[in-house]
Amino acid sequence: MKIALRYCGGCNSRYDRGAFVCGLEAAFPSVTLRPYAPQEPFDAVLIICGCLSQCAQQKDLPENIPRFVAALPADYDRAAAFLNALCTSTFEQRSEQYGLAQTL
């Protein structure tokens, strides 16, 4: 499972965003978290904001894949649940839920 990462600019960070992501990487070793690159296919997008402004750019991200926005340390459990749901669902379930076209 390959998840795109998008960070905000970090101008008003209220927590250690890097530690937040490292915790998710440790908890989900089968998930690859990589900076978003438009030419790469991703299964989902994890947007890491440092505060409640949630200013991280999202307009250029694909609309047809799941995304999760974290803005507080308290979002860790929800982010973990998001990744867990992605890891335990099938391609067909994700396709149905997000309207994705199945390709073989």
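I started with E1 and E3: 5 bridges join them, and the two run parallel. To be clear, this is a predicted model, where local features need pLDDT of at least 70, side-chain atom pairs count only at pLDDT 80 or more, and totals for chains, interfaces and linings use all residues. Residues are numbered from 1 along each chain as its sequence is written, and side-chain values use heavy atoms, with hydrogens and water left out.

I noted my terms: strands (E, at least two residues) and helices (H or I, at least four) are DSSP runs, numbered from the N terminus. Two strands pair if DSSP finds at least two bridges between them.

Next I looked up one partner: alanine 4 bridges to valine 45 in E3.

On to the neighbours. E3 also pairs with E4, parallel again, over 4 bridges, and isoleucine 48 has alanine 70 as its bridge partner in E4. E1 (residues 2-7) is joined to E2 by 4 bridges, also parallel. There, lysine 2 partners threonine 32.

What order do the strands take? I read E2-E1-E3-E4, an open sheet of 4 strands. The edges are E2 (32-35) and E4 (67-70), each pairing on one side only.

I found 5 of its 5 residues buried, so E3 is largely enclosed by the rest of the structure. Ala44, Leu46 and Ile48 point one way, Val45 and Ile47 the other.

Methods. Buried < 20%, exposed > 50% of the residue type's maximum accessible area, 1.4 Å probe, protein only.
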